[in-house]
Amino acid sequence: MTTALDTTAPAPAPTAQPLQDERTRIAAHLMERQASISPRYLYDALGCHLFDAITELDEYYPTRTERAIAEQHRVPIADFLTDQVGPQAPLVDLGAGSCSKAPFWFGSLGCTEYVAVDLAREHVERALLGLRTRHPGVRMQCVALDLVWQLPRLASHIARPAVLFYPGSSIGNFEPEQALRLLREMHAVARGGALLIGVDLWKSPAELQAAYDDATGVTAAFNRNVLRHVNRLIGADFDPRQWQHIAHVDSERQRVEMRLAAIGAQTVHWPGGERHFADAEYIHTENSYKWKRDGFADCLQQAGWQAPRSWTDDHARFALFAAAA
Ligand code: AVJ
């Protein structure tokens, strides 16, 4: 076992200062003509809780639809994966968060090893505490890394063919070319194993709009919370009250953009910089690409994944794809 798999290693303190170059990058994105904040900063402790709340919303169909597909097609999906990797392959959960989805597969995959990969180590460790008692037969480890920059590092933690699990359509956060690169990197770390990935599908703008701008305002709170997080990270003085949540459906690019629009002109300051925002000028905080089923299968194959198969719900809202390395 390599040291980075060692869950007894001290976790960084939750208040750890971000690295200087991370702060520089956040500020640089705020200074661009079209200001943006990376969606990774949506997920501080409160952000993780707010996202969990989003998954309970009536309007937010992805989580429960993915779950329903998994339940309905559990056997053929598990058969496909175990045909590829055999029983007892490690299950590697990319962006594990609350680790709420992977345990569903423990039994059908005969899983004895679970590797939870996420930037938010504390969040994962807390989830693993409960999971360990419920699944005493499964060894559980947390690897804290950033999927965007550090995915190839995962290879040193995976000794045999693994099932990579990337649920929730998080792949939708990436530009199609970047998604392709990540799928290639996943292929390289799977060691001849397999992939199980959730992908949200293109659908009517009205349905997407509701899912990303819910009636109770949970998504708005989730989006605005990114400003609190950035305040902490770079010492900025964003006032979340002065920003309006917008979900913009871009049919051309087949994506939903989350934006925060300034309510009134204002200047935001942080040590070493400031940015003036005109009334209604917005900060781009997330892209959520919606794929077509064929398009995603092509992308998987371009990335080196073989024999992709997919399962969907009755309304073809969401798809679970499995593929062989
Ligand atoms: C976790 C990235 C899949 O894009 O649907 C939920 C995040 N943003 N509501 C998504 C999110 C707004 C979510 N992903």
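Predicted model: local features only at pLDDT ≥ 70, side-chain atom pairs only at ≥ 80, totals over all residues.
## What surrounds the ligand

Three elements, α2 (45-54), α10 (218-234) and β10 (282-289), each give at least two residues to the shell around the ligand. The ligand is surrounded by 14 residues, and the closest are Tyr 60, Gly 168, Tyr 212, Glu 286 and Ser 288. What kinds of residue make up the shell around the ligand? It divides into 7 nonpolar, 6 polar and 1 charged.

Now look at individual atoms. The side chain of Tyr 212 has an N or O atom 2.5 Å from an oxygen atom of the ligand. For Ser 288, a side-chain N or O atom lies 2.6 Å from an oxygen atom of the ligand. With Glu 286 the ligand atom is a nitrogen, at 2.7 Å from an N or O atom of the side chain. How much of the ligand does the protein bury? On its own the ligand would expose 350 Å², and the protein buries 97% of that.

## The sheet with β10

Strand β7, residues 255-262, is paired with both of the others. With β10 it pairs in the antiparallel sense over 7 bridges, and with β6 the antiparallel pairing runs over 8 bridges.

Another open sheet has 7 strands, in the order β3-β2-β1-β4-β5-β12-β11, and its pairing is mixed. Why is one side of β3 (139-143) and of β11 (306-312) left without a neighbour in the sheet? These strands stand at the edges and have a single partner strand each, so one side of each has no neighbour in the sheet.

Strand β1 (residues 91-94) and strand β2 (residues 113-117) run parallel and are joined by 4 bridges; Leu 94 has Val 117 in β2 as its bridge partner. Helix α3, residues 61-72, packs on the sheet and touches β5 (194-200), β11 and β12 (318-324), with its direction at about 55 degrees to that of β12. Helix α11, residues 293-302, also packs on the sheet and touches β5, β11 and β12; its direction makes about 150 degrees with that of β11.

Strands β11 and β12 run antiparallel and are joined by 5 bridges. Gln 306 has Ala 324 in β12 as its bridge partner. The two strands form a hairpin with 5 residues between them, and in the turn Ala 316 has a positive phi of about 50 degrees.

## A proline in a loop

Where is Pro 39 placed? This residue sits in the loop between α1 (20-31) and α2. Leaving aside residues up to four places away in sequence, Pro 39 touches Asn 173, Thr 285 and Glu 286. Glu 286 brings us back to where we began, as it is one of the closest residues to the ligand.

Pro 39 and Leu 128 are 89 residues apart along the chain, and their C-alpha atoms are separated by 24 Å.

Note on methods: Residues numbered from 1 in each chain as written. Heavy atoms only, no water. Near = heavy atom within 4 Å. Polar contact = N/O pair within 3.5 Å; in protein donor to acceptor, adjacent residues only side chain to side chain. Areas by Shrake-Rupley, 256 points an atom, 1.4 Å probe, with all protein chains shown as cover. Nonpolar A, V, L, I, M, F, W, Y, C, P; charged D, E, K, R; others polar. Pairing = 2+ DSSP bridges. Contact = heavy atoms within 4.5 Å. Axes fitted to C-alpha atoms, helices over the stretch in contact; angles between N-to-C directions.
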